[in-house]
Amino acid sequence: MTERRHGLATALESTERRIAAACAAAGRTRDDITLIVVTKFFPASDIEILVDLGVRHIGENRDQEAKAKVAEVAELLGERAPTVHFIGQLQRNKAGSVAQYADVVHSVDRDRLARALDAGAGRAGRSLDVLLQVDLDPMPDPGRGGVRPDGVLDLAERVSACANLRLRGVMAVAPLGADPGSAFARLARVHEEVRVAYPDAVVVSAGMSGDLEEAIAHGATHLRVGTAILGSRAPHR
Ligand SMILES: *Cc1c(COP(=O)(O)O)cnc(C)c1O
């Protein structure tokens, strides 16, 4: 076993132990949770190892990097290629590109972006699962991404009208410096409103390396874990 493979296997096991403990504490089963390993900044060769170790879902956050890596992974793995989740802030002019290779887009936060993804998916002859990214920060900041909680139902209605998009749920990042437990509790309330109106919107994407326990306690169905499995990312060049 190579050193990298050993490191990834060990980190994956310890993350699985954290998930199992959090599920036990919350009275939930591991099967309720999908682990998305966030592979941004890391090479396709790491994805190959992760898939060997049983990983079925990866997350990426920048179009250029993701597009190239997904193509490489398809070459390497063929039918074993993992499900691709696009989790980053998305410019409208990149939506057509992302619609060609992503299976799930977690960061839909405005109508115009939804329509651009819908058009791109239509051109590619695909349909996309989408999540509405909710901005849970007490202080609105238009630069950060995410729809404010009071705008979620409106956006859900717009997305559900898009022929090539399937509204599957909500996503959030706990605001910096806030208590993740109370942020995820708020997300759970927003999710409940969405799910009542759109019964297929069963996904709650919440929880990263530092706060996956709180996310599981508050009903997360999808975790997005990077650093705890792959190690620290090199800084942006
Ligand atoms: C990078 C990223 C993650 C993973 O964060 P870690 O702290 O490395 O686990 C999760 N969600 C989003 C939206 C990200 O951009």
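**Salt bridges and a buried arginine**

Mentor: In this predicted model, Arg 168 forms a salt bridge with Asp 129, their closest N and O atoms lying 3.6 Å apart. Arg 168 belongs to strand β6 and Asp 129 to strand β5, so the pair ties together parts 39 residues apart in sequence.

Trainee: Is Asp 129 buried or exposed?
Mentor: Asp 129 is buried, with a relative accessible area of 13%, whereas Arg 168 is partly exposed at 26%.

Trainee: Which side chain does Asp 111 meet in a salt bridge?
Mentor: Asp 111 meets Arg 158, at 3.0 Å from N to O. That pair links helix α5, which holds Asp 111, to helix α6, which holds Arg 158, across 47 residues. Asp 111 is buried, with a relative accessible area of 19%, and Arg 158 is partly exposed at 47%.

Trainee: How many salt bridges does the count come to?
Mentor: The count comes to 16. Glu 60, Arg 62, Glu 65 and Lys 69 are linked in a network of them.

Trainee: Changing topic, where is Arg 224 found?
Mentor: Arg 224 is found in strand β8, residues 222-225. It is buried yet has no salt bridge.

Trainee: Why does Asp 211 not count as a partner?
Mentor: Asp 211 is the nearest side chain of opposite charge, but it is 6.8 Å away, and a salt bridge requires the nitrogen and oxygen to be within 4 Å.

Trainee: What polar contact does the side chain of Arg 224 make?
Mentor: It makes one with the side chain of Ser 205, at 2.8 Å. Residues in contact with Arg 224 also include Ile 36, His 106 and Met 171.

How values were computed:
Residues numbered from 1 in each chain as written. Predicted model: local features only at pLDDT ≥ 70, side-chain atom pairs only at ≥ 80, totals over all residues. Heavy atoms only, no water. Helix = DSSP H or I, 4+ residues; strand = E, 2+ residues; numbered from the N terminus. Buried < 20%, exposed > 50% of the residue type's maximum accessible area, 1.4 Å probe, protein only. Lys, Arg positive; Asp, Glu negative; His and termini not counted. Polar contact = N/O pair within 3.5 Å; in protein donor to acceptor, adjacent residues only side chain to side chain. Contact = heavy atoms within 4.5 Å. Lists of a residue's contacts leave out its neighbours within four places in sequence.
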